[in-house]
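Please look over the sequence and the structure shown here before reading on. The report that follows begins with one residue and then widens to the chain as a whole.

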Amino acid sequence: MEICDTKYLVKIDSPADLKLLSLDELKIYCRELRDFLIDELSKNPGHFGSSLGAVELAVAIHYVYDIPEDKLVWDVGHQAYAHKIITGRRDAFPTNRKLGGLSGFPKMSESEYDSFGAGHASTSISAALGMAVAARLKKSRSKAIAVIGDGSMTGGLAFEGLNNAGAEKADLLVILNDNNHSIDPNVGALKEYFLDLTTSRRYNRMKIHIWNLLGFSPRFRRFLQKIEHGAKSFFLHQSNVFESLGFRYFGPTDGNDVVSLVRALRDLREIGGAKLLHIYTTKGKGYEPAEQNHTEWHAPGKFDPNTGEKGVAAQTLRYQDVFGYTILELARTNEIIVGVTPAMPTGCSLNIMMEAMPERAFDVGIAEGHAVTFAAGMAAAGLMPFCNIYSSFSQRSIDNIIHDVALQGLEVVLCLDRAGLVGEDGATHHGVFDIALLRAVPNIIIAAPADAVELRNIMYTASLGGYKGCFVIRYPRGGAFPKDVLNHECSLVEIGRGRKISGGERVAILSLGDMFEVAAQAAASCGGAHYDLRFAKPLDSALLDEVAANYGQVIVCENGVEAGGVGSAVLEYFARKGYKGDVRVVGIGDEFVEQGSVSQLWEQVGFREKLLKMTSLK
Ligand SMILES: Cc1ncc(C[n+]2csc(CCOP(=O)(O)OP(=O)(O)O)c2C)c(N)n1
Ligand SMILES: CC(=O)[C@@H](O)[C@H](O)COP(=O)(O)O
Ligand SMILES: [Mg+2]
């Protein structure tokens, strides 16, 4: 597939250029934009389905509103590629998600058109409401728009925003971009409710009629809105949840029809207060394979745009696969084990258990805080929950971990996938803060396996209980393990016990989790010793005493922030013991690391350089 002879694509470098097109020309531009995205993303992968589905929406918003004077907040931001292209980033788009290139998400420092940065879900309504209230206080006529997907609407934060907005009566437009899908199928009662709204055919027929009248006869608006309101309650099973929260509800309407979107937005622009436009779109719109399989095409990697073929599937297992198969294996022999994921069943591989034991594995929606407290409730009632959350998304649930798990002394296993630098998703997604955030909390164990066998052993150990509070197991994105690691029989690991890997002279290198390899190499090259800490909490005091007694220099390697991480814990321990040797920590410094391949990012933070310098210290 080749992009040739585009009529409008190359001429649109800003929303001002876009506004010169006619409605018919907009349709052609949308086609060209979509083809451009398909072509680019086939070569340089990124979030595919969501961005294809939101092409018309991005075009219509920029056509009607005046961004950046009006504020536009994309929820998550993985659907905002068309917005990036319209706002002058077409030529830079081949650098999307690459080191030094465009961020895969809206980013305030990247463009004035990115009114708010994102990456995590459910923030848009709160942020846009803040902007709407600021406009009111500053007596500005600036509008505020939040675009939020049906999946992201399942996050509690979205409802906190709606609740506040409905009462504030600020000039806020929330666009609910409903493609009836999250990364995996969307879940929960809201999903059924949205389906009810979009599929109630009698209601929709009436609705379209009213919309047409609304468009043409402003004089009858008030009267028609009253009829519309009555019709809704009559035809729909429930009263409208958004209207109950103080919003004016509009739609549902076809969000892949750019002309009707423009018409709807033009009308809405003139209406003050809190309003919600419900649009239905097709995830992956315009690319058949993506329309057919939303989950696979959420972020598919490289593919052949002509055939939809992707590269050959890996013959190895990633950490997430090992988690997925191991929890199922453990659950088969231990009937109190249950699994919980907040909206990432495919991403964390809990889908393996969900298929085999649907009654014992739960996708609770984009709701990390709820996932943890839900798990705590199950633990309080005698179950052994394994709650799997990406490390960076678990930042949403810190108080739930402290207040609902640790403080209650409940046995909940918290598996933090994607711990450490994750690569192309960048600063919003690196899982580098978990140890620092959780280490200070009592009743928390923090383990990090150095490989797949260790992950299985630690999961097995955690599943047996007998400790008090939260058992955190953190492991990184990816990994490549032979499939027969699953044949390894799980064995018990002593909680808080590390391992001496190799002896040496002068310097001891301590690693946690997947820093094992780099530490082993460094130890070999400088003739030092290597110890695998295995636990960031509790620390292995016997191991550390042995290190202190035998080595004048200690280096701790960690896949996380240096401040407050496992290296800090070691430093504190040695300080308490009055160790006089030289202790260094090498990990991520005081910075947000941007996007790039994982190896590029380690290079950029200067990890090897620092380690080399440390190991050659005399
Ligand atoms: C707090 C948080 N949890 C989970 C995710 C992972 N995530 C990114 S997009 C997405 C699905 C969002 O669904 P929806 O809002 O409907 O957008 P769509 O992908 O359908 O366009 C999820 C679960 C995230 N980015 N942030
Ligand atoms: C936008 C978002 O938050 C997810 O799509 C995320 O990019 C998934 O990351 P993984 O590719 O590591 O599953
Ligand atoms: Mg969706």
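## A buried aspartate

Because D150 has 25 C-beta neighbours inside 10 Å, it counts as buried (a residue is buried if 20 or more other C-beta atoms, placed from the backbone, lie within 10 Å of its own, exposed if 12 or fewer, and partly exposed in between). This comes from a predicted model, in which local features need pLDDT of at least 70 and side-chain atom pairs count only at pLDDT 80 or more, while totals for chains, interfaces and linings use all residues. Residues are numbered from 1 along each chain as its sequence is written, and chains are lettered from A and ligands numbered from 1 in the order in which they are written.

D150 sits in the loop between β2 (144-149) and α7 (156-168), where helices (H or I, at least four residues) and strands (E, at least two) are DSSP runs numbered from the N terminus. Leaving aside residues up to four places away in sequence, D150 touches L176, D178, N179, N180, N186, K191 and F194, contact here being C-beta atoms, placed from the backbone, within 7 Å.

## The annotated pair

The unreviewed UniProt entry places the feature "binding site" at D150 and N179. Although these positions are spread over 30 residues of sequence, they cluster in space, with a largest C-alpha distance of 6.8 Å. Such annotations may be inferred rather than shown by experiment.

N179 belongs to the loop between β3 (172-178) and α8 (189-199), and with 24 C-beta neighbours inside 10 Å it counts as buried. Apart from residues up to four places away in sequence, N179 touches G53, G149, D150, T281, T282 and K283.

## Around ligand 2

The residues surrounding ligand 2 are H47, V76, H78, I183, A299, G347, R418, V422, D425 and R477, each with its C-beta atom, placed from the backbone, within 6 Å of it. Since domain 1 (9-200 + 236-292) and domain 2 (319-487) both give residues to this shell, ligand 2 lies between them; the domain bounds come from an automatic or database domain assignment.

## The chain as a whole

The chain has 25 helices and 17 strands, and its C-alpha atoms fill a box of roughly 85 × 55 × 50 Å, taken along the principal axes. Buried residues make up 52% of the 618 residues in the chain. Among contacts between residues at least 6 apart in sequence, 76% join residues at least 24 apart.

Notes
Two residues are in contact if their C-beta atoms, placed from the backbone, lie within 7 Å.
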